[in-house]
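Notebook open, pencil out. I'm going through this structure one stop at a time and jotting down what I find.

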Amino acid sequence: MKITDLKCAVLGSHPVVRITTDEGISGLGQVAGRKHYLKPHILFYKDFIVGEDPTDVERVMMRIRKGGSFKPWGSAVSAIEMALWDIAGKAAGLPVYKLLGGKIRDKVRVYNGAVRFPMDGNSPEAHAANMKKMKASPEGFTIIKQGIAFHSGMPNEVPDYFYGEVQTGRFARTGGALTERGLKYTIDCVQAMKEGLGDEVGLALDCGPGMTVPDAIRLAQAVEPLNVMWLEDTITGDYVPYVLAEIYREVTRSTSTPIHTGEQIYLRQNFRDLIEKRAVDIIGPDPGDIGGIAELKWVAEYADLHGILMAPHGIFIGLIGLAALVQVSATLPQNYIAFECPIGDPKWWYDIVEGLPDPIVEDGFITVWDTPGMGVELNGEAARQYLPEGDEDFFD
Ligand SMILES: [Mg+2]
């Protein structure tokens, strides 16, 4: 089998990759929303992969992997990798999880980072009330993640929250030392959220990046009695193009609260310091940024060897990305906690992606399906209306 074409169309704000072959089998991959600007980067790889055998996934990846980097520049390579696995699975007549070593669980736990309800103000009471709404949402999530500190509106909305200035713009980063008032307010909100949830639902907190080491340690120690699932991205993370494992290690060694990072990191080599130095307790690679699902699986196995847990990121990767997350998460070792469940945004994504269970999430889990490949397809007829001008031949 040979690759005949690499296509990319931006549907909504998601670049979607479609790889075609000379045997009529095609594969899909999806890039996170709001990354429409990556289309030329994706198409750049076409000449490197046309003519290759897509079922030799790693051999194809060796031709393009050096062209990626930390988020968002690992997305193109990652989406191509997922499309290759989709083809390899269809060619073999097997779900992708079989090709990754087989599943060790029939349903995968997911956590809520995307199903949100409007907040009624920003008091601790409002945070508690909002958590109760999320707890009652029909997916029955058993873990809910909420943004606080520099991963929330707090620096903007709370007077004298920190000793610094709010930065604006897509790739700007707000950070600095918290005031005592800011720190106390943050802790009060976490306490209130936990009261809203009780002990039936785990609370994870996305905190930055941008916190200082002393503030991260103070916050982590203050919430120790609350048994939160993790504090994410206190120091680096998000779109920060470096890791700073030594600094994370200082925070992690200072507290019993689990410390988490890794959503922006590209390739196993860049996870090495975090894992070998046991610099965090939990890592959260995104299959759409790390370099693909096989890369994520490799990192999960290596993390497991070192007693480090896995909670993959995935909020923006859409419904085709969701399928990839289900396939790989079914195969991860027992250090797997849950992945962050993506949603279809806008809602018409649910009309154009076929193959997902309905409802997708039940009692906080997704049941792993057995269809060949990733197990999802785009309905060409329904999707055609959303194709931008110039991409009318995407499904041809
Ligand atoms: Mg995050």
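Predicted model: local features only at pLDDT ≥ 70, side-chain atom pairs only at ≥ 80, totals over all residues.

Is G364 buried or exposed? I looked it up: G364 counts as buried, because it has 20 C-beta neighbours inside 10 Å. The rule I used is that a residue is buried if 20 or more other C-beta atoms lie within 10 Å of its own, exposed if 12 or fewer, and partly exposed in between, with C-beta atoms placed from the backbone.

Residues are numbered from 1 along each chain as its sequence is written.

**Entry: around G364**

I found G364 in the loop between β12 (353-354) and β13. Helices (H or I, at least four residues) and strands (E, at least two) are DSSP runs, numbered from the N terminus. Then I checked G364 against V110: they are 254 residues apart along the chain, yet their C-alpha atoms are separated by 6.0 Å. Leaving aside neighbours within four places in sequence, G364 is in contact with R109, V110, E139, G140, F141 and T142. Contact here is when the C-beta atoms of two residues, placed from the backbone, lie within 7 Å.

**Entry: strand β4**

Next I looked at β4 (residues 107-111), where 4 of the 5 residues are buried. Strand β13 (residues 365-367) runs antiparallel to β4, joined by 3 bridges. Two strands pair if DSSP finds at least two bridges between them. I noted R109 standing opposite F365 in β13. β4 also has a parallel partner, strand β11 (residues 339-340), with 2 bridges. There, Y111 stands opposite E340.

**Entry: E195 and its helix**

I picked E195, which is found in helix α8. E195 comes out as partly exposed, because 15 other C-beta atoms lie within 10 Å. I also looked up M131: E195 and M131 are 64 residues apart in sequence but 9.0 Å apart in space, C-alpha to C-alpha.

What angle do α6 and α8 make where they pack? I read off about 35 degrees for helix α6 (residues 124-136) and α8, with axes 7 Å apart. Axes are lines fitted to C-alpha atoms, for helices over the stretch in contact, and angles run from 0 to 180 degrees between N-to-C directions. The residues that meet include M131 and K135 in α6, and A192 and E195 in α8. By class, this contact has 8 nonpolar, 2 polar and 5 charged residues. For the classes, Ala, Val, Leu, Ile, Met, Phe, Trp, Tyr, Cys and Pro count as nonpolar, Asp, Glu, Lys and Arg as charged, and the others, Gly among them, as polar.

α8 turned up again when I checked helix α9 (residues 213-222). In α9, D215, A216, I217, L219 and A220 are buried. They pack against α8 (180-197), β7 (230-232), α10 (245-252) and β8 (259-261).

**Entry: the three-strand sheet**

I moved to an open sheet of 3 strands, in the order β1-β2-β3 with antiparallel pairing. β1 (3-11) and β3 (26-30) are at the edges with a single partner strand each, so one side of each has no neighbour in the sheet. Neighbouring strands are turned by 20 degrees against each other on average, direction ignored. β2 (residues 14-21) and β3 pair over 5 bridges, and V16 has Q30 in β3 as its bridge partner.

Two helices go with this sheet. Helix α4 (residues 75-92) lies across β2 and β3, at about 145 degrees to β3. Helix α13 (residues 318-329) also touches β2 and β3, and its direction makes about 105 degrees with that of β3.

**Entry: the two domains**

Last stop. The chain is divided into domain 1 (3-94 + 378-386) and domain 2 (99-372), with bounds from an automatic or database domain assignment. Their centres, taken over C-alpha atoms, are separated by 26 Å. I noted 34 residues of domain 1 in contact with 29 residues of domain 2. On the domain 1 side, β2, β3, α4 and α15 (380-383) each give two or more residues.
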